[in-house]
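Morning, everyone. Let me put the model up, and then we'll go through it piece by piece.

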Amino acid sequence: MKTNDHYNRDTERFEQLYREHFPALLRFAMARLRARGSTGTHLQGQAEEAVQETFSFAWVNRGTLFASPAPLGWLINVCHYKVLELLREEHMWSKRLLRVSERITEGGSDGGLRLRAEMRSILSEEEYTLLKKLYLDGYTYRELSQEMGLKQSALAMRIKRLKERVSREWKEEK
Amino acid sequence: MRVNGHKHNSDLMLDRLSTQELERLLYTPEGEEPDTELISDVLEVIMAREAEETDAPAVDVDAAWEDFKERCMEQDEACALADEEPQNKKLKTGNHSVLVLLRRFAAAVAVLILMCGTASAFGLDIFHWLASWTAETFRFSGLDDLPISQDIPEEDPYQDLRAAVAEETDLPVVPTRAPFEAAEEVTVTQRLDSVFIHGEYKSEDKEYTISVIVYDSIDLIGTDSIFLKDDSIIDRHEINHIEHYVMKNYDHFSCVWHNENVQVQIQGSLTPEDLESMIASVYWE
């Protein structure tokens, strides 16, 4: 736990910016996501996710943020790319997981069994279900963390490591 | 509808637009940078308007802040990178030790030198280590979906480098775009387990280098590399499913990546935009 004065001052200043600009950034992210086809509660969850990622980046680069003459403009710029990144990530994982679920429901075909075996060598049933809920069923991080009884930070780290492992080991079919 | 210039929102008559029309102004065409000033003005109008609407959903900033603190500020690994200013770090990998030395000179020059042991000590971990310095990955929108289609120009600025690299590998690693006209000088050095191809590009007042190391094995990637950077965060760009790391050493920028067993480093009098353009031209025209 950080106790130095510099860190505490940074935290206070950052919190002020967070509270001041969170609503506007959320509104911005929702408008951008709505334009790309997101709807309903999934839209709200996606927008919150994008904004939290924006502030996560901002926290790590808070020196630059604090020095900016237009903090909201700086944050908007980051949020713009975070929304794009989130959509690309979701698209990629949705495609992967959809392909897997379609193959698995095909049943006894060689392709289905092979994919099921390959998938299970990389992901456990629980891990697959976790990714499916996030990318196919529209769960938000908050909803998943509540369901699983985990802190959001722990859930986020778990998913990050899971995706890294899958990306390393998964062989994409051409 | 796109509006240019620095104007107060009343001059733009934003108040007269419907919320739907205002939301359209928040859109940024693909490949363009967002007009943050316009977007700020538009958001101001939208937020003020929605604050007056009694049925507009409230934003629970308190809950969001608590979530954020839990996710980000408790993640010591992510946040400590911005907080710490390491003077000395020692990393141990197996039976080999890697000394990472970071020194600040009077002129605030920070030099990071990685001295690696044998291949089994470090290898590809050097790129994972670089990744630990990065804040996030910004990806070039849309480029990853395009098939690789590099078109070598008639007057190839990297003719000699390309010829030397082609002797060792057919992987796409040499750009086609050059940030400025420069004289090319290429040297090729055969090493025990790699070939080091070094291109120097000099104009009257600027210069840069492109170093290509073709290793006998992918396991050897990064084992004899020296990366110079200051204490700023490294930018990570994923292009063609390969992560490219752009780092700053005060006045100079450099980019390093590897494609299978080939490691590439571009550095010199280049802006980040120059580097991005050069990297993209490795894969696409």
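In chain A, residues 24 or more positions apart account for 66% of the contacts with a separation of 6 or more. Contact here means heavy atoms within 4.5 Å. This is a predicted model, so local features need pLDDT of at least 70, side-chain atom pairs count only at pLDDT 80 or more, and totals for chains, interfaces and linings use all residues. Residues are numbered from 1 along each chain as its sequence is written, chains are lettered from A and ligands numbered from 1 in the order in which they are written, and side-chain values use heavy atoms, with hydrogens and water left out.

Staying with chain A. Its secondary structure comes to 8 helices and 0 strands. Helices are DSSP runs of H or I with at least four residues, strands are runs of E with at least two, and both are numbered from the N terminus. Of its 174 residues, 52% count as buried. Buried means under 20% relative accessible area, exposed is over 50%, partly exposed is in between, with a 1.4 Å probe and protein chains only.

Now one residue. Is A:Thr54 buried or exposed? Buried, with a relative accessible area of 0%. A:Thr54 sits in helix α2 of chain A, residues 40-60. Which residues does A:Thr54 touch, leaving aside neighbours within four places in sequence? They are A:Leu25, A:Leu75, A:Val78, A:Cys79 and A:Lys82. The C-alpha atoms of A:Thr54 and A:Phe22 are separated by 9.9 Å, and the two residues are 32 residues apart along the chain.

Helix α1 of chain A, residues 5-35, meets helix α3 of chain B, residues 61-73. Their axes come within 10 Å and cross at roughly 135°. Axes are lines fitted to C-alpha atoms, for helices over the stretch in contact, and angles run from 0 to 180 degrees between N-to-C directions. The two helices are therefore oblique to each other. The cut-offs: under 35 degrees is roughly parallel, over 145 roughly antiparallel, 65 to 115 roughly perpendicular, and the rest oblique.

Who makes the contact? From α1(A), the residues include A:Tyr7, A:Phe14, A:Arg19 and A:Phe22. From α3(B), they include B:Asp62, B:Trp65 and B:Phe68. The contact residues divide into 10 nonpolar, 1 polar and 3 charged. Ala, Val, Leu, Ile, Met, Phe, Trp, Tyr, Cys and Pro count as nonpolar, Asp, Glu, Lys and Arg as charged, and the others, Gly among them, as polar.
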